[in-house]
Amino acid sequence: MSKKLTLGLFGFGVVGQGLYDIIKTKKLNLEIKRFAIKNPEKKRTLPLDLFTTKADDLLEDTEINTIVELIDDAEAAFDIVSKALKNGKNVVSANKKMIATHLEELVDIQQQYGTSLLYEGAVCGSIPIIRNLEEYYDNELLHSVSGIFNGSSNYILSKIFNEHMDYDTALKQAQLLGFAETDPTLDVGGFDAKFKLAIVASHAYGLYVKPEEILNIGIDQLSDYDIRFAREKNYKIKLVPTAREIGNEKVILYVIPKFVNEKSILYSVENEYNGVVVQAAFADQQFFYGKGAGGHPTGSAVLSDIAALRYDYRYEYKKHLEATQLSHSNNHKITVYLRYNDETILEKLNFIKVSERHYAREFKYIIGEINLESLIANKALLAQDKSFVVEMP
């Protein structure tokens with residue numbers, strides 16, 4: 001039998017509203033008692049007595065047994081979630097930055113207080129990748145997990161390559177549709193995908209890796225030259241996070257734009273959709289596809305977690321408990337296309353092998369093999385030069 005859940009909800013933005021819309025259409029053994037919000041002046045679609053600006057009105061309410069955290073502020077979210085878990089309340093969160101940054105600590109709190117934190121909605125919207133990594137692949141050796149984890153950047157790239165829209169127009173359209181924030185840096189800079197990758201790596205390989213240790217290069221420096229180069233080679237560009245196990249010893253993690261051709265399963269993943277490719281030793285390649293942005297897709301993942309808590313579900317973190325020799329490393333070579341402006345940047349990047357070079361006054365690029373460590377060490381320099389880096393297929 002499922003137990004009744006009485007919810008306290010933090011945040012009533014796009015996802016919070018989406019979750020509420022879904023819940024009211026269902027006959028589930030749960031109710032939302034109260035919402036905590038930041039801005040009391042903002043117009044709401046529900047009676048004002050359901051809202052409060054005081055976190056403790058929810059966290060100290062003994063009738064509320066489940067907290068749903070859907071706010072933007074990662075550090076405030078961590079305070080809310082950790083206090084709720086310590087107060088004996090189970091929690092559902094969609095805050096990927098907070099979870100990626102504090103995951104090890106949050107796992108310790110759950111184990112100490114016997115509570116459960118679920119966060120399917122934090123990774124790839126409506127795609128149930130965390131639950132599958134926990135349950136289906138719990139005893140499986142995974143060679144890699146990669147794909148399209150960010151619906152906002154994928155929407156922009158789809159408009160550019162399918163409709164010949166320029167970058168700024170595509171970004172504005174994504175913002176109007178609610179797929180990208182007013183400040184789109186988290187999405188187009190590859191940070192959002194990096195936080196999701198850190199969470200995925202934890203469930204896939206049993207590793208806690210801090211986001212700042214993972215390379216992220218976004219699409220914010222994409223130029224018409226890069227788009228023209230891709231079209232000439234019959235490529236599209238996708239922002240692809242990658243977790244890959246190397247030689248039964250190390251796991252590499254990085255987020256970088258990638259050229260994909262028609263042979264790639266990611267080639268046809270368009271607009272706000274996400275696609276996750278799992279390459280396993282025994283199950284071989286499997287593909288998960290679904291909407292990765294928007295209130296209702298993410299809200300559905302949050303509701304799935306809430307529903308699971310009715311039956312006392314919790315992540316077991318089995319791969320963390322297993323004896324493993326795997327460790328995170330950035331010492332790995334990848335082949336990239338680099339469009340650059342300042343010639344001196346090549347000396348500092350220290351390419352291992354060069355297979356192609358183009359030098360013209362307005363457009364210079366090099367294709368070659370480079371170490372991830374070199375890209376990380378020179379990331380600020382690449383940004384300053386307005387260089388654009390793409391992994392070759």
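This is a predicted model: local features need pLDDT of at least 70, side-chain atom pairs count only at pLDDT 80 or more; totals for chains, interfaces and linings use all residues.
## Strand pairing around β16

Two strands count as paired if DSSP finds at least two bridges between them.

Which residue of β16 is the bridge partner of Glu356? The partner is Ile367. This bridge belongs to the pairing of strand β15 (residues 353–359) with β16, which is antiparallel and runs over six bridges. Four residues lie between β15 and β16, and the two strands form a hairpin.

Strand β14 (residues 333–340) also pairs with β16 in the antiparallel sense, here over eight bridges. Leu338 has Ile366 of β16 as its bridge partner.

## How β16 is enclosed

Is β16 enclosed by the rest of the structure or open? Strand β16 (residues 364–371) has eight of its eight residues buried, so the strand is largely enclosed by the rest of the structure.

You can follow this along both faces of the strand. Lys364, Ile366, Gly368 and Ile370 point one way from β16, and all are buried. Tyr365, Ile367, Glu369 and Asn371 point the other way, and these are buried too.

## Helices α4 and α9

Now for a pair of helices. Two packed helices are described by the angle between their axes and the distance between the axes. For helix α4 (residues 96–113) and helix α9 (residues 191–205), the axes come within 9 Å and cross at roughly 45°. An angle between 35 and 65 degrees counts as oblique, and α4 and α9 are therefore oblique to each other. Their crossing is left-handed.

Which residues make the contact? From α4 come Lys96, Lys97, Ile99, Ala100 and Leu103. From α9 come Asp192, Phe195, Lys196, Ala198, Ile199 and Ser202. Sorted by class, the contact of α4 with α9 has six nonpolar, one polar and four charged residues.

## Two positive phi values

If you are checking the backbone, here are two residues to look up. Cys124 is not a glycine, yet its phi is positive, near 65°. Cys124 is found in the loop between β6 (117–118) and α5 (129–135). Is Cys124 buried or exposed? Its relative accessibility is 1%, so Cys124 counts as buried.

Tyr317 is the other one: this residue is not a glycine either, and its phi is positive at about 50°. Tyr317 is found in the loop between α11 (295–309) and α12 (318–321). Because its relative accessibility is 4%, Tyr317 counts as buried.

Ser152 is found in helix α6 (residues 151–163). Ser152 is buried, with a relative accessible area of 4%. What does Ser152 contact, leaving aside its neighbours within four places in sequence? The contacts are Phe179, Ala180 and Asp187.

Asp49 is found in the loop between β2 (30–36) and β3 (51–52). The cut-off for exposed is over 50% relative accessible area; Asp49 has 60%, so this residue is exposed. Phe35 is 14 residues from Asp49 along the chain, and the C-alpha atoms of the two are separated by 9.3 Å.

Technical notes:
Residues are numbered from 1 along each chain as its sequence is written. Side-chain values use heavy atoms; hydrogens and water are left out. Axes are lines fitted to C-alpha atoms, for helices over the stretch in contact, and angles run from 0 to 180 degrees between N-to-C directions. Angles under 35 degrees count as roughly parallel, over 145 as roughly antiparallel, 65 to 115 as roughly perpendicular and the rest as oblique. A crossing is left-handed if the near helix is turned anticlockwise from the far one by less than a right angle, and right-handed if clockwise. Contact means heavy atoms within 4.5 Å. Ala, Val, Leu, Ile, Met, Phe, Trp, Tyr, Cys and Pro count as nonpolar, Asp, Glu, Lys and Arg as charged, and the others, Gly among them, as polar. Buried means under 20% relative accessible area, exposed over 50%, partly exposed in between (1.4 Å probe, protein chains only).
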